[in-house]
Amino acid sequence: MDLLIKNGTVVTEKEMFKADVAVKDGKIAMIGSDLSDIVADKVVDATGKLVLPGAIDAHTHLAFPFGGTTSSDDYFAGTRAAACGGTTTVFDYTNQDFGETLLETAKRREAQAMKEGLAVDLGLHIGIKDPKPELLESMKEAVDYGVSSFKVFMVYDFGVKDGVFYKVLETAKKYGALVAVHAENNEMVLTLTEKYVSEGKLSPWYHYASRPEFVEEEADRRAIDWARALKAPLYIVHLANEGGVRAVTEAKDEGLEIYAETCPQYLYFTDEVFKRPDGRNFVCSPPMKGQASQDALWAAIKRGDIDTVATDHCPFQQAEKDWGKDDFRKIPNGCAGIENMYPYMLSNANQGIISFPKAVELCSFNPAKIFGCTDKGSLAIGKDADIVIYDPQKKFTVHNENMHSDSDHTIWEGLELTGYPVQTYSRGRLVYDNGEFVGDSKWGKFIKCASRKH
Ligand code: URP
Ligand code: ZN
Ligand code: ZN
């Protein structure tokens, strides 16, 4: 064997049990209550520690051209930070260029990622901007290539109208792909923005005020309506409002194949952050909502109506966030979080708010299952040896200096956690060790995802 992790408590999406884990050729080869007879090149004693599958961050924006600039983590910086937070697979959203087939988009960004470097494995989702029939039809070749999830934005200047959204859902259903949606009502955002601007109300609070709860809920319900009409599966990204949670619960109860993702920022912060002197740093879309929405998200997690937690990692440097200090419209939307998701969710498990298997289900097992990532998402024989060793006693305070992203600030500054990852293995290779990135930029692979027809 190449690696033997002994005496730890293994956590799967279902249960926790004391076991040793043996790794060979990047795969989990054996899991057993006593593998002390096994000879391995490297033996790690995990006494008192948890042994978990690496997280899969199903929603990032690396090197993302957006808001008049480009997000500040390229593929290497973003995946390096991921590794240091126990995330071993990153699914990045990349947008199609006008006139480009979806296969061309996938290959263009795969090439960029390979050039910039990958510390852990990468999958892609493609945001649809140009819905010309022949380009939409190119979804088939992208799916055959291993990109099986596509996104529509209902907002932003590149967002699509309902008819296009409907056609994307229809095409995706035909080719066994999954559509993800950013749901906010664009007309309402524009109307409310105009109103506040005309009243001279330009502070970061008005970013939230122009995208309040009902703006998101209406779009969630409309998106679900189109999915219902077509009997097509749908994945709602970064769900952040109480009414939208209700809509998802109703849809699931009705038997629709609707998946919901939320993000740590909606589980930890509320709209109060926009009143802070550094409120601009928290500007993202959808914005953090009121306490009732946060409570509804946690309740939905506990009920099983939220399927995944992902970060929407899209950091911008302080100077770029400052563009909108006195005018919320100029703030590039997005925040850092790729290194914080798993430690934050696991610390909730450590406090008994959710169970450790639930954290694994949300952050690893479900994203793998939903996005056709067949080699990952669980500690099971034959799966990739993407493993995190977590010390439930370790105290850790988040400071931007101890993060591994290229972002020059973090909204998680000062967060105190009990319990933290101490080692991360990507396909059996140590990439993070007690505060230090020990991997390299040539390690991560582009992963191909199965379509829903397999
Ligand atoms: O504010 C955000 N979320 N920025 C990234 C783009 C998106 O909408 O997901
Ligand atoms: Zn979005
Ligand atoms: Zn996003």
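This is a predicted model: local features need pLDDT of at least 70, side-chain atom pairs count only at pLDDT 80 or more; totals for chains, interfaces and linings use all residues.

Student: Which residues coordinate the zinc ion (ligand 2), at 2.1 Å?
Tutor: Look for side-chain nitrogens at the metal. One donor is an ND1 atom and another is an NE2 atom, both at 2.1 Å. They belong to His182 and His238.

Student: How many residues apart in sequence are the parts that this histidine pair ties together?
Tutor: Histidine 182 lies in strand E12 (residues 178–182). Histidine 238 sits in the loop between strand E13 (234–236) and helix H9 (242–253). So the pair links parts separated in sequence by 56 residues.

Student: Is histidine 238 buried or exposed?
Tutor: Buried means under 20% relative accessible area. Histidine 238 has 2%. Histidine 182, at 1%, is buried too. Histidine 238 therefore counts as buried.

Student: What is the arrangement of the four donor atoms around the zinc ion (ligand 2)?
Tutor: A tetrahedral call needs all angles between 85 and 135 degrees. The four donors here subtend angles of 57 to 145 degrees. That makes the arrangement irregular.

Student: What distance separates the zinc ion (ligand 2) from the zinc ion (ligand 3)?
Tutor: Take the two ions directly, ligand 2 to ligand 3. The separation is 3.5 Å.

Student: How much of the area that ligand 1 exposes alone does the protein bury?
Tutor: Start with contacts. A polar side-chain atom of tyrosine 156 is 2.6 Å from a ligand 1 oxygen, and a side-chain N or O atom of aspartate 312 is 2.6 Å from a ligand 1 nitrogen. Taken alone, ligand 1 exposes 260 Å². The protein buries 100%.

Definitions and conventions. Residues are numbered from 1 along each chain as its sequence is written. Chains are lettered from A and ligands numbered from 1 in the order in which they are written. Side-chain values use heavy atoms; hydrogens and water are left out. Donors are N, O and S atoms within 2.8 Å of the metal (3.2 Å for Na, K and Ca); water is not among the atoms, so sites may look incomplete. Four donors count as tetrahedral if all angles lie between 85 and 135 degrees; four count as square planar and six as octahedral if opposite donors are over 155 degrees apart and all others between 65 and 115; anything else is irregular. Helices (H or I, at least four residues) and strands (E, at least two) are DSSP runs, numbered from the N terminus. Buried means under 20% relative accessible area, exposed over 50%, partly exposed in between (1.4 Å probe, protein chains only). A polar contact is a pair of N or O atoms within 3.5 Å; within protein, one must be able to donate a hydrogen and the other to accept it, and residues adjacent in sequence count only if both atoms are side-chain atoms. Accessible areas come from the Shrake-Rupley method with a 1.4 Å probe; for residues, only the protein chains shown count as cover.
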